[in-house]
Number of protein chains: 2
Amino acid sequence: MTTFAAKEASNPSVINTLNRLREFGQSGQGVNRVAGSIADVEARLWILAQLEQGGMIAEIDEVGNTLGRSAHHERAVLVGSHTDTVPTGGWLDGALGAVYGLCTALELSQSTEHTGIDAVSFADEEGSYAPCIGSRYFFGDEYSEQEFIGTASRLQLSLASLGASRPLTKRLPRDWSKRYKFFLEAHIEQGPVLEAEDIPIGIVTGIVGIRRFELTVLGRADHAGTTPMTMRSDAGRALIELLNRIDIGFEQIKASDTVWNFGVVAFSPGAPNVVPERATAVIEFRDRSLDVLAKFEATMRDMVRAQADQVPHLASLRYSLQCTAQLEPIDMDVRVIEVLSRSCDATGVAYRMMQSGAGHDAMIAARHLPAGMLFIPSIGGRSHHPAEDSRKDHIQIGYAVFREATKYLCTLDYD
Amino acid sequence: MTTFAAKEASNPSVINTLNRLREFGQSGQGVNRVAGSIADVEARLWILAQLEQGGMIAEIDEVGNTLGRSAHHERAVLVGSHTDTVPTGGWLDGALGAVYGLCTALELSQSTEHTGIDAVSFADEEGSYAPCIGSRYFFGDEYSEQEFIGTASRLQLSLASLGASRPLTKRLPRDWSKRYKFFLEAHIEQGPVLEAEDIPIGIVTGIVGIRRFELTVLGRADHAGTTPMTMRSDAGRALIELLNRIDIGFEQIKASDTVWNFGVVAFSPGAPNVVPERATAVIEFRDRSLDVLAKFEATMRDMVRAQADQVPHLASLRYSLQCTAQLEPIDMDVRVIEVLSRSCDATGVAYRMMQSGAGHDAMIAARHLPAGMLFIPSIGGRSHHPAEDSRKDHIQIGYAVFREATKYLCTLDYD
C-alpha cells in the first residue's frame, strides 16, 4: 500500500484554487459570498472560465448552479458542492468540495473511459434566500415559484451590474437522470469529532433528520413583589421546570449519536420585577433514525401534557407546541460508502464512518441517485465563522481520497 | 360601632378629586404622567392651587415635591404619596394616596388642635429619572448630584414651556425633623391578596428588602447538528439545570411571604441550530427578614458553586453571579400600625396586616420618622397598567380610615 497522501502533498493545485476562490468576497480571514451577491456571481463566472479552459462544456443555469460537463461522455459521475457562504462565513465550507470537484474533473475527465466527470457548484445551499434551492432545482425536486423567482432575480441583478450577459440554462426536470450514475460531495466536518480522534477522513453514512419545535407557555404578567407565589401564573418558572424535565427525558432515551438543542429561550415582558407572561423555547433534535425522532417527539409531548395536566400549581398556564421544521433523515449509498473506504485504504489513510449532523446538497441528490460524502477535519470544529479552517495536509489528503473515489465510481456500472 | 363607611359613601369629594387629577395625562383608561413631563407639572400646579384655595401655605421644591403646610401649627402629621406615573400607567397608583392626603388636609387642618396636617405629593417615585428622588431629597436622604440636576432640570423645562414662573423651594436637609411627628401614606395594593380575601383594608407592617442578581453562564457556540452532546459547552442547558435547582432550593427555604422571580432569561446567539454560548438570568427575591434574604443568597451561591465544581459534564463552563440591586427591608412604626387598626375598628371596617412587596415613599420616610401605610384592594391585582382600578366603595372606605387615622395621629405625642 503506497502512501498516496505523501505523493499528493507535492501537488499544490487544490490549495491554489481554494486560495484564488477565497479572493471572491474575502473579508479578513473569512469570506462573504452570500448566494446571488456580486462576489458569489463573480466566483461562478471564474469557475465557468476554468471549466471552459479545461475543455469542458460549461453553463450557469437560471438559479446560479454552475456546471461543467465532460464533452465526450454520455454518462458521468457528478462531483462538487456549493460556493456560496453564510454572511461572514469561512473560506472552506462548501468551497472545499466545489474545488475538489472542479480539480478532479479538470484533471481526470479526459482520461476516464466510459464515464465522464461533471463538476458542479450548486446555488444557495446556505439558504440566504431558500435553502438548497440550487440542488432542488437541479434535480427537479420540489420548490416554490417564489423560491425560484427570488433566487433567479438576484442572479440576474448581479450579472447585470457586472455587465455580463450570458444565456442561462433552463433546466428540464430530471434531465440528470439519463446522465448521472453517482453524486459525490466533499465537505469540512463542521464538528469536532475527526480532530479529537486525529482521523483525517470521515465517510458519511447518512444525514440526520431534523425536528424543530416552538414551545410556548402562557401565563399572566404580575408584579413580582406584590403577588404571592401561590397566586401567580408564572410562565417562566413553568418553562424552566419543563425544559429541565425534557432534557432529562431526552438523556434517558437518546441513541448513540442523537443531538438536541435549546437554542432559543426568551421571557416576555422580560423585566426583573414582572412575572413572565410568556416564555418560549425552540427545541431541536436530530438523529438518523425515524424511530428515535418519533420517540423524542412523543417523550416531549408526554412531558408537556403531564405538566399541563398534573402539576396543580401550574394548572392555570396554557402550553403550545408547534412543529416549525421537519427534515427526514437520508442514507448515503452503500456502494459509494464502499468505494470511499476502498479509496482510503488504497491511499493509506485512516478513516471513520460517521453521520452528518448538518444538511448538505448530497441530502437532495440522494433522493434521486446514489450519493456519498466525505468529510475532512475542521480545526476546533468551527464553521460558519471567519475562523473556520482545516489543516493543509488534511485538505490534500481529502483531495487524494476524493479523486481516487471518483475514479473508482467511473468504473462502476449498476444498471 | 357605627358603619362609618356607609356614611362616607355620600361624600363624593375624594372621587371627584381623583377624577379631576386623572385628566392630567389621561390616555384612554390609563394615565401618562411621567415625572417632570408637562402633565406631571400641570397636575402639581393644580394641586398647589387647591392647597392655596384651602388656606394652606403651598410650595413646589426644586425637584417637584408639592407640599401644602398647615398655616397655624408648628408641628404636623405629613400625609400623601406621589402623583407621577409609569409610562402608560394607571389612574390610581400614587394618586390615590396623594388625593387622600390633599382632601384630609383641606378638610381637617383648620380643625385640629396642637398638630397640623401637611399634604405632600413626592416627585418621581416611579424612577422615571431616579427612583424616589422626591422623598429622598425631601428627607435629606442620600442622592447624587446627577440625580438632583437631572430631576430639577426636567421640572424647569416643563415649567418654562407652560409659561409658569414660580420660585421653587430649596429644601434644607432635615428641616422636616422639627415639624413632622408622623408620615402616613395610602396606596393601592398592586397585588391580589385583599381582593381574594374580600378585605377592604391592608395595614402595612413593613416593606420588603430586595436582592437582585444577574447570573451568567458562559460556554462555547457550536453547530448544534455536528457537535456531539459530550463535546459541547452548552451554556443554555446548564442555566436551565441551575435555575431549576435554585427554584427547588428556594421552595425549600422560603418564609411565609418570600417571593422570587426569574423575570429575564435570554440565550445568545439565540439561533435554533447553534449551541448557546451565553445564557443569562435575572434572579430577584424579596422578604422582610434580613435572615431570609441572606439564606436565599447563600443557597443560590452554594448551588452555583456546586454546579460549577461538581457536575463534570458542565465543568468547562464559566459562571458569574453579580448583585445588581439591594434594598433593605424596613418596618412600619408600631404606633402608626396601632392607630390604623383602631381606625378600622372605629369605622367598622375589616382589615388584615400585610407586608408591602413593592417600594414606596414611606420606605424613605420610615428611615427618618415614624411612618405607616394602608392599602386598598386592586381589582385583579393589576397596577402599572391602564387597566389598573379599584372599587369605588373601597376608595371611599379607604379614605374614611385614612382620615380617621390622621386625626388620631394628630392627638399623639411621643416626644
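Q: Where do A:Lys407 and A:Glu404 lie, and how many residues apart are they?
A: A:Lys407 and A:Glu404 both belong to helix α12 (residues 392–411) of chain A, where they are 3 residues apart, about one turn of the helix; helices (H or I, at least four residues) and strands (E, at least two) are DSSP runs, numbered from the N terminus. This is a predicted model, in which local features need pLDDT of at least 70 and side-chain atom pairs count only at pLDDT 80 or more, while totals for chains, interfaces and linings use all residues. Residues are numbered from 1 along each chain as its sequence is written, chains are lettered from A and ligands numbered from 1 in the order in which they are written, and side-chain values use heavy atoms, with hydrogens and water left out.

Q: Why is the pair A:Lys407 and A:Glu404 called a salt bridge?
A: The closest N and O atoms of A:Lys407 and A:Glu404 are 4.0 Å apart, and the pair counts because a salt bridge is a side-chain nitrogen of Lys or Arg within 4 Å of a carboxyl oxygen of Asp or Glu. Over all chains the structure holds 46 salt bridges.

Q: How many residues of chain B are in contact with chain A?
A: Contact means heavy atoms within 4.5 Å, and 47 residues of chain B are in contact with 47 residues of chain A. The two chains bury about 3,900 Å² between them, 58% of it on carbon and sulfur atoms, where buried area is the accessible area (1.4 Å probe) that two parts lose on being put together, summed over both. B:Arg237, B:Ile240 and B:Pro272 supply 15% of the area that chain B buries against chain A, more than any other three residues.

Q: How do you know that the two copies are related as by a two-fold rotation axis?
A: When the copies are superposed by least squares on the C-alpha atoms of residues with pLDDT of at least 70 in both, a rotation of 180 degrees with 0.0 Å of shift along its axis brings chain B onto chain A (RMSD 0.0 Å). The two copies are therefore related as by a two-fold rotation axis. The same surface serves both copies, since 100% of the contact residues of chain B recur in chain A. B:Ala266 comes closest to the rotation axis of the residues of chain B, at 2.6 Å (C-alpha).

Q: What makes the peptide bond from A:Ser268 to A:Pro269 stand out, and where is A:Pro269 placed?
A: Most residues other than glycine have a negative phi, and most peptide bonds are trans. The bond from A:Ser268 to A:Pro269, however, is cis, with omega near 5 degrees, and A:Pro269 is placed in the loop between β10 (259–268) and β11 (278–287) of chain A. In chain B, a cis peptide bond joins B:Ser268 and B:Pro269, with omega about 5 degrees, and B:Pro269 lies in the loop between β10 and β11 of chain B.

Q: What phi does A:Thr88 have, and where is A:Thr88 found?
A: Although A:Thr88 is not a glycine, it has a positive phi of about 45 degrees. A:Thr88 is found in the loop between β5 (75–82) and α4 (93–108) of chain A.
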